Amino acid sequence: MAVAGQTAARGDWGGEHISLKLTDGGGSFELDCAHGTIDEPLSTGGDGSFDVRGRFVAERGGPEVKGERPESHPARFTGRVDGKRMTMRIVLTGSGEPVGDFSLEHGKDPHITKCL
């Protein structure tokens with residue numbers, strides 16, 4: 001069980017439709033049709049819960065359009081870590097729109113299908 005102030009295990013976390021790489025300062029993630037960052041350490045409370053901020057960038061299929069810049073949105077990442085398992089919800093903070101709920105495991109290969 002997580003201890004108050006503990007940081008989730010660094011390294012690779014994987015699950016269905018998500019890949020997460022955690023570092024000391026936060027991390028980066030990739031979804032089927034999006035990517036982004038967690039901009040602060042993923043520290044947990046005594047019950048393993050976390051609530052951190054970052055950025056979400058939606059992707060689209062098809063060829064890259066010259067000069068097009070993808071939109072980056074502030075996002076909130078909430079969930080719980082229990083040993084090598086994590087549940088995480090991503091919500092866009094500006095609109096309150098949920099991106100999705102994900103289950104991850106430390107050291108597990110992700111299963112991502114990039115948008116076409």
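The structure is a predicted model, in which local features need pLDDT of at least 70 and side-chain atom pairs count only at pLDDT 80 or more, whereas totals for chains, interfaces and linings use all residues. Residues are numbered from 1 along each chain as its sequence is written, and side-chain values use heavy atoms, with hydrogens and water left out.

The fold contains a closed barrel of eight strands, which follow the order β2-β3-β4-β5-β7-β8-β9-β10 with antiparallel pairing. Strands (E, at least two residues) and helices (H or I, at least four residues) are DSSP runs numbered from the N terminus, and two strands are taken to pair if DSSP finds at least two bridges between them. In general, the strands of a sheet pair through backbone hydrogen bonds, either parallel or antiparallel.

Among the pairings, strand β2 (residues 11-15) runs antiparallel to strand β3 (residues 18-23), with five bridges between them, and within this pair Asp12 has Lys21 of β3 as its bridge partner. The two strands form a hairpin with two residues between them, and His17, which lies in the turn, has a positive phi of about 70°. Strand β3 is in turn joined by six bridges to the antiparallel strand β4 (residues 26-31), where Glu30 is the bridge partner of Ser19; β3 and β4 likewise form a hairpin with two residues between them.

Ser19, located in strand β3, counts as buried at 15% relative accessibility. When residues up to four places away in sequence are not counted, Ser19 touches Trp13, Ser28, Phe29, Glu30, Pro110 and Ile112, contact being defined as heavy atoms within 4.5 Å.

The structure holds one aromatic pair. The ring centres of Phe29 and Phe77 are 5.5 Å apart and their planes lie at 65°, so the pair is edge-to-face; rings of Phe, Tyr and Trp (its six-membered ring) pair if their centres lie within 6.5 Å, with planes under 30 degrees apart counted as stacked, over 60 as edge-to-face and the rest as tilted. This pair links distant parts of the chain, as Phe29 belongs to strand β4 and Phe77 to strand β8, 48 residues apart. Phe29 counts as buried at 4% relative accessibility, and Phe77 is buried with a relative accessible area of 0%.

With a disulfide defined as a pair of cysteine sulfur atoms within 2.5 Å, the count comes to zero disulfides. Cys33 is placed in the loop between β4 and β5 (34-38) and is partly exposed, with a relative accessible area of 32%. Cys115 also counts as partly exposed, at 22% relative accessibility. Residues up to four places away in sequence being left out, Cys33 touches Ala58, Glu59 and Cys115, whereas the C-alpha atoms of Cys33 and Arg85, 52 residues apart along the chain, are separated by 23 Å.

Note on methods
Buried < 20%, exposed > 50% of the residue type's maximum accessible area, 1.4 Å probe, protein only.
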